[in-house]
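Please open the structure in your viewer and keep the selection tool at hand. The stops below tell you what to select next and what is there.

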Amino acid sequence: MSTTVRDKPPTEKADLRVSVSSFQVSDGCHVLVLCQHVNAGQTRSQQPLAMHFCLDNSSSMGSSSQRAQICFSELISLANLPCSFTVFGSDATRLSSSITSPGQMRDIKLPSQSMTNIGGGLRLMMGAAMSMYKTDPHAHNILVFLSDGHNNCGTHPKVVIKELQDEMRKKTPGIRVSFLVVGVSSNSNTSFGMQAKVALETVPLEGMLPIYFCSDAREMQGVLDELVAGLHLNSGGGVTRIAVPETSSAGLVVGLGEPSAASTECYLRAERPTVLFLEGERPEEVLIDGVAVPVEPAVFSHTLVTDAIMGHIGQVRIRKVSGNDVQAQVDALEPWLNGLEECIAAERAWLTSNQTGIVFHNMGPADRIRAAKATATALLSVRELRHEA
């Protein structure tokens with residue numbers, strides 16, 4: 001069953017249908033599957049989107065600062081709201097908050113290079129996104145952090161990141177932020193950028209790498225191409241708030257090892273499933289941007305469980321690279337992995353008895369092989385994390 005969502009921001013078409021289904025993985029662990037459908041002859045116009053750049057303009061960057069400014073300005077062509085451009089040396093400066101074309105960003109003259117105040121740059125970039133939220137709460141803010149990462153002045157980035165996280169939760173709790181980290185130069189130390197991504201990102205984008213690296217003009221162009229391709233992959237959809245009703249005991253797993261949440265922001269793509277983990281009893285309905293949508297029972301999907309696990313593994317790896325302890329997150333994967341393994345064991349038993357299985361239902365031999373390889377990859381990845389945690 002699907003429900004028509006009509007109370008969207010004015011930048012989106014009406015009659016976009018969202019279907020929701022769920023199946024159990026193990027006791028108290030469910031997968032919630034959301035799919036957005038576009039009616040024939042209709043398209044979904046782009047949600048409000050702003051790009052906010054934070055560029056390292058320190059002496060260690062040299063000519064890479066200007067090359068990065070010129071190259072990555074092309075991302076502005078994907079936005080439909082005014083964009084901001086912040087640079088940081090010894091001090092951080094927001095050079096503009098009203099950029100509407102790549103040419104405008106390219107034409108901005110960079111200040112003289114000096115030391116590296118990463119905290120100051122992060123504060124101004126996030127400030128631009130928070131200002132955008134006050135103007136348009138539905139805006140999707142994509143933050144692009146470009147740096148070689150060698151901080152040597154100003155308030156320590158860890159302190160600033162924690163302050164920004166607290167301020168964001170207090171003043172802009174519904175802000176929609178995706179965070180892209182680009183390590184510039186052949187000797188990048190991007191741990192602070194990764195820490196900011198973990199703390200400040202509220203809407204992870206599908207198919208995007210945790211971090212990108214480039215050290216010259218050719219590599220920058222390659223990274224730009226990857227970013228554009230990844231952002232296009234996420235086009236045709238939009239950021240949506242998913243919530244369980246107040247009467248439900250269920251909770252959404254937003255971060256592994258953290259208490260489940262009553263609501264979260266996620267990116268729904270047209271005609272492709274978005275998968276969330278759900279703890280507790282399956283609710284009869286969920287709220288999508290405030291609209292009640294029934295939750296239909298579904299058959300266990302080996303592929304969807306594996307995809308969801310791999311998505312969480314990616315987030316755990318980002319936490320690990322940023323210097324955070326991940327033991328709690330690895331432990332939190334256990335019930336989902338155990339449930340997956342139990343279903344696979346049941347499937348093997350069914351296949352041995354020459355009956356129709358439930359895990360690989362309606363799959364041909366090639367699809368079964370791909371599914372089995374994906375599961376093996378997920379299980380191996382978790383074992384590696386257990387060993388490294």
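How many aromatic pairs does the structure hold? The structure holds 3 of them, where rings of Phe, Tyr and Trp (its six-membered ring) pair if their centres lie within 6.5 Å, and planes under 30 degrees apart count as stacked, over 60 as edge-to-face and the rest as tilted. Select Phe277 and Trp336, whose ring centres are 3.8 Å apart and whose planes meet at 5 degrees, so this pair is stacked. Because Phe277 belongs to strand E13 (residues 274-279) and Trp336 to helix H9 (residues 334-352), the pair ties together parts that are 59 residues apart in sequence. Helices (H or I, at least four residues) and strands (E, at least two) are DSSP runs, numbered from the N terminus. Both Phe277 and Trp336 are buried, a word that stands for under 20% relative accessible area, with exposed meaning over 50% and partly exposed in between (1.4 Å probe, protein chains only).

Before going further, note that this is a predicted model, in which local features need pLDDT of at least 70 and side-chain atom pairs count only at pLDDT 80 or more, while totals for chains, interfaces and linings use all residues. Residues are numbered from 1 along each chain as its sequence is written, and side-chain values use heavy atoms, with hydrogens and water left out.

Colour the chain by pLDDT, the predictor's confidence in each residue, from 0 to 100. The protein chain averages 84, and 81% of the residues score at least 70, but over residues 1-15 pLDDT stays under 50. Where pLDDT is low, the predicted coordinates should not be read in detail.

Next, select helix H5 (residues 191-200), which is largely enclosed by the rest of the structure because 8 of its 10 residues are buried. Among these buried residues are Phe192, Met194 and Lys197. Now show what covers them, which includes helix H3 (118-135), strand E7 (140-147) and H7, by contacts (heavy atoms within 4.5 Å).

Move on to helix H7 itself (residues 302-321), whose 20 residues should span 28 Å at 1.5 Å a residue, and whose end C-alpha atoms are 29 Å apart, which agrees; the expected span is 1.5 Å times one less than the number of residues. Among the buried residues of H7 are His302, Leu304 and Ile318. Just after H7, select Gly323, which takes a positive phi of about 95 degrees.

Finish at Asp289, in the loop between strand E14 (285-288) and strand E15 (291-297). Asp289 has a positive phi of about 50 degrees although it is not a glycine.
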